Amino acid sequence: MINPFKKEIIYIKIYENKVDLRHVNSGRLFKRESVNKFSNERLLIASVSIASAFLKEVLKEVFNNNLLDPKLVILIQPMEKVEGGISEVERMTFNDLVEQIGGKYVFVHDTCEELSDEMVKQITKTPILSI
């Protein structure tokens, strides 16, 4: 059962039309490919609405359809199409995407290095504010 007062940390590595999503609290990994394309030749997230619907479905699977508005802390990391770094517009797109899927705290990590759970916890270490 999900504790709605506990900080749930989600690490999302996003690729062209697919994700590797890890629930850091449990260590469970979900690798999924989207049936509907959210990327195109130029953009990793060309359709925020398709990417959002896809990620919501994966999150339902992570939480066994028991997502009771926990304090979702999400670190999203683009793994492709990042030559020269991500732009401010891309960063805003990732922030909007994470907010649409229920992220209360959003972190965008713009290097392609694999992050350990400890690294994710360190990056996402923030005080939880009461809402």
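Methionine 119 lies in helix α3, which spans residues 117–123. The model is predicted. Methionine 119 is partly exposed, with a relative accessible area of 33%. Beyond its neighbours within four places in sequence, methionine 119 is in contact with Glu113 and Glu114. The protein around this helix has 3 helices and 5 strands.

**Overall layout**

- Along the sequence, the elements follow the pattern β-β-β-α-β-α-β-α.
- The protein has 131 residues, and 43% of them count as buried.
- Its accessible surface comes to about 7,300 Å². Carbon and sulfur atoms hold 51% of that area.
- Consider the contacts with a separation of 6 or more: residues 24 or more positions apart account for 64% of them.

**Nonpolar cores**

- The largest nonpolar core has 26 residues. Those with the most contacts inside it are Ile10, Ile12, Ile14, Leu21, Ile76 and Phe94.
- Five elements are listed here for giving two or more residues to this core: the strands β1 (7–15), β2 (18–23) and β4 (71–78), and the helices α1 (48–62) and α2 (88–100).
- Helix α1 gives the most to this core, with 6 residues.
- Another core lies apart from the largest one. This other core has 9 residues, among them Val24, Leu75, Leu115 and Val120.
- Phenylalanine 94 belongs to the 26-residue core. Leaving aside neighbours within four places in sequence, Phe94 is in contact with Ile14, Leu44, Ile45, Ile76, Pro78, Ile86 and Val108.
- Two of these partners of Phe94, Ile14 and Ile76, are themselves listed with the most contacts inside the core.

**Rings and charges**

- The count of aromatic pairs in the protein comes to 1.
- Lysine 18 lies over the face of tyrosine 15. The distance from the ring centre is 5.7 Å.

**Positive phi values**

- Most residues other than glycine have a negative phi. Two residues in this model are worth checking against that background.
- Asparagine 17 has a positive phi, near 60°, and is not a glycine. Asparagine 17 sits in the loop between β1 and β2.
- Asparagine 17 counts as buried because its relative accessible area is 7%, under the 20% cut-off.
- Lysine 81 also has a positive phi, about 60°, although it is not a glycine. Lysine 81 lies in the loop between β4 and α2.

**Two serines in the β3–α1 loop**

- Serine 34 is placed in the loop between β3 (28–33) and α1. Serine 39 is found in the loop between β3 and α1 too.
- Serine 34 is buried, with a relative accessible area of 5%. Serine 39 is buried as well, at 10% relative accessibility.
- A polar atom of the serine 34 side chain lies 2.4 Å from the backbone oxygen of asparagine 36.
- For serine 39, a polar side-chain atom lies 2.5 Å from the backbone oxygen of leucine 44.
- Not counting residues up to four places away in sequence, serine 34 touches Asn17, Lys18, Ile50 and Phe54.
- With that same exclusion, serine 39 touches Tyr15, Glu16, Asn17, Leu44 and Ala46.

- Valine 106 is found in strand β5, residues 105–108.
- Is valine 106 buried or partly exposed? At 22% relative accessibility, valine 106 counts as partly exposed, because buried means under 20%.
- Valine 106 touches Ile74, Asn95, Val98 and Glu99, not counting residues up to four places away in sequence.
- Valine 106 and asparagine 95 are 11 residues apart along the chain. Their C-alpha atoms are separated by 6.3 Å.

Methods. Residues are numbered from 1 along each chain as its sequence is written. This is a predicted model: local features need pLDDT of at least 70, side-chain atom pairs count only at pLDDT 80 or more; totals for chains, interfaces and linings use all residues. Side-chain values use heavy atoms; hydrogens and water are left out. A nonpolar core is a set of buried Ala, Val, Leu, Ile, Met, Phe, Trp, Tyr and Cys residues joined through side-chain atoms within 4.5 Å. Buried means under 20% relative accessible area, exposed over 50%, partly exposed in between (1.4 Å probe, protein chains only). Helices (H or I, at least four residues) and strands (E, at least two) are DSSP runs, numbered from the N terminus. Contact means heavy atoms within 4.5 Å. Rings of Phe, Tyr and Trp (its six-membered ring) pair if their centres lie within 6.5 Å; planes under 30 degrees apart count as stacked, over 60 as edge-to-face and the rest as tilted. A charge sits over a ring if NZ of Lys or CZ of Arg is within 6 Å of the ring centre and within 35 degrees of the ring normal. Accessible areas come from the Shrake-Rupley method with a 1.4 Å probe; for residues, only the protein chains shown count as cover. A polar contact is a pair of N or O atoms within 3.5 Å; within protein, one must be able to donate a hydrogen and the other to accept it, and residues adjacent in sequence count only if both atoms are side-chain atoms.
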